[in-house]
Amino acid sequence: MSHVQIIDVEKSFQGKQVLKQINLQVEKGEFVTLLGPSGCGKTTLLRIIAGLERSDAGTVRINGRDAEDGAKRKEHNIGMVFQSYALFPNLTAYENIAFGLKVKKVAPEVIKEQVAAIMETLSIAGKEHNYPHQMSGGQQQRVALARALVTKPDVLLLDEPLSAVDAKVRENARILIRDIQRKMGITTIFVTHDQLEALVMSDRIVVMNNGEIMQVGTPEQIYHKPQNKFVANFIGTYNFIPGSLVGMGEATVCLRPEHIRLVKRSELAGTPALGTVSLLGRVENVYILGNTVRTEIAAGGCNLLIDRLNGYQGSEFGVGEEVGLLIEREACNVLAD
Amino acid sequence: MKKGILPKIILVLIFAYLFFPIAATILFSVATRWSTTILPEGYTLAYYQKLFTNPEFLHALLRTVYVSTVTIALSVVLIVPSLYLAIVYYPKLEKFFEFLSILPFAMPGVILAIGLIQMYSRGPLRISGTSWILIGSYFVLILPYVYQATKNSFRTINVKALTEAALMLGCGKLETFFKVIFPNIVRGVVSAALISVSVLFGEFVLANLLVGDNYETLQIYLYKLQKADGHISNALVAAYFLVILLLSLLMIWLTFRKEKLGAKTNAES
């Protein structure tokens, strides 16, 4: 039996259906991310799991027991980190973290021990007597995380906790959350609209759009084998080309930018290898994306994006130059819709 | 942008203009006689002494304090929890409260008073002429101020998220309100109370029409005093002005103190 079971959950707000027949199983210790654009229903689903919202239909079970009712929340011990952190402004970091334990009437010495331990793990030891407004965004986030984790919850829910933080801190925070989650083995459900985050952190990703689940899979599966146009478009960048261009029939075909090879025009002579298609194109634009270079090329009536690792000698191809493209048919995916 | 001396001069002139009547009032209250000369003929504190030892004044003051305190206490006890419930659990109610809170502004004092006298002079609730009708109508009078101040406090602390965080940590709904929410809105509530005090201490129309001499509040006493003795009534006005000034300064200090509460999150580590 899965640790968290979401069965036929539906929810509408003011006539608009926000969740349509959602079914999902999460295993114990798994890190699952609900990924999708704003308004897809991911936060609503999370809040229903948390017991903060009631679904219109369907059930949510944690450990086999119904988790819908807020009143039953005490039995389930769910830890939650909010997007705004929701730290209690009138309490110090220590008091914030200890709050859940205090409510459970845990002995003060035990509280002291456990709070110290979690603060150590999250590198915020020493900030016990600071109030939230005296801490940086990154520290507040770690206090919020500590507060949710110290009660050793059955399930950890995170609602876009990294969206308010700057890029560098975000990178470190992702690794931190993932490591702690693995160490403590807590079943975790994470909500984000950032697909890179989802790819880096998750065991499985649930891609959602408009209240429906578009695809569930591991990061590799989602990335390499998108099952529909939405998922293909949402995760990373994809080139959509007519199948006829690569000899794969009439349907649209999608192709990752890093799977197209660029060669000098002069190298294009002769028949390409079996299963490879060669095209002639012209460079329209070149972008530097950090450690990749993205080249925009007009070829075969389409605008294609090609990503390559940034060589230390700079970009080989300039705007306006004519280049050759080599595409392996195997790298192309035919899409359902 | 030239930062000349002109704006400063204009500011000083405006303040002088505004303060002039008050200055004259204060001066008159410490003058022995001041009818034909530019400045008073002599100075004395006798009028203040007469005022503060007069039992009628002290009783009037006490009545005002009593009515204000009861009204404000009632307001806070009723409005704060109701608004909390509306914002966190029943959002549709919030719109209703919003409507209620601007309703008092639609009623001019005199019309309100006449309607109230009619309603409460007969029937089951014969409170016309007593302090209770005054408390009731004062409650309605300060409703907008208490509502607005409380709503702003709740907004500042993001009350819904805080409540949900506490609930997720296992805190009960009641415990959450008293342990988590209330400590964070005390300042806003105190601010509302202080505004209410200054509004209620200065309220004359309803007091005069609804209870008049039956329950002589400070403002009614002042009204009577003005006809009797100019010096003493000015002393009262001067003293009253001083109290309200102090109250306002207290409110400003409370509101703009270095934020310990509220949603400020940017500080260096």
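User: Hey, how many residues sit between E9(A) and E10(A) in their hairpin?
Analyst: Two residues lie between them. Keep in mind that this is a predicted model. One turn residue, Asn210(A), has a positive phi of about 55°.

User: OK, and in which sense do strands E9 and E10 of chain A pair?
Analyst: Antiparallel, over five bridges. E9 covers residues 204-209 of chain A, and E10 covers residues 212-217.

User: Which residue is the bridge partner of Asn209(A)?
Analyst: That's Glu212(A), in E10(A).

User: Switching to the open sheet in chain A, what's the strand order?
Analyst: E2-E1-E4-E5, four strands with antiparallel pairing. E2 (16-26) and E5 (65-66) stand at the edges with a single partner strand each, so one side of each has no neighbour in the sheet.

User: How many bridges join E4(A) to E5(A)?
Analyst: Two, with the strands running antiparallel. E4(A) spans residues 57-62. Across from Asp66(A) in E5(A) you'll find Arg61(A).

User: Which strands does helix H1 of chain A lie across?
Analyst: H1(A), residues 42-50, lies across E1 (4-13), E2 and E4 of chain A. Its direction is at about 120° to E1(A).

User: Zooming out, what does the domain assignment give for chain A?
Analyst: Domain 1 is 4-234 and domain 2 is 239-334, according to that assignment.

User: And how far apart are the C-alpha centres of those two domains?
Analyst: 40 Å, for domain 1 and domain 2 of chain A.

User: Now chain B. At what angle do helices H10 and H11 pack?
Analyst: About 145°, with the axes 7 Å apart. H10(B) is residues 218-228, while H11(B) is residues 230-256.

User: Is the crossing of H10(B) and H11(B) left-handed or right-handed?
Analyst: Left-handed.

User: Which residues meet there?
Analyst: From H10(B), Leu222(B), Leu225(B) and Gln226(B) meet Ile232(B), Ser233(B) and Leu236(B) of H11(B). By class, that contact has four nonpolar residues, two polar ones and no charged ones.

User: Which residues of H10(B) are buried?
Analyst: Leu218(B), Gln219(B), Ile220(B), Tyr221(B) and Leu225(B).

Key:
Residues numbered from 1 in each chain as written. Chains lettered and ligands numbered in written order. Predicted model: local features only at pLDDT ≥ 70, side-chain atom pairs only at ≥ 80, totals over all residues. Pairing = 2+ DSSP bridges. Domains from an automatic or database assignment. Axes fitted to C-alpha atoms, helices over the stretch in contact; angles between N-to-C directions. Left-handed = near helix turned anticlockwise from the far one by under 90°. Contact = placed C-beta atoms within 7 Å. Nonpolar A, V, L, I, M, F, W, Y, C, P; charged D, E, K, R; others polar. Buried ≥ 20, exposed ≤ 12 C-beta atoms within 10 Å, placed from the backbone.
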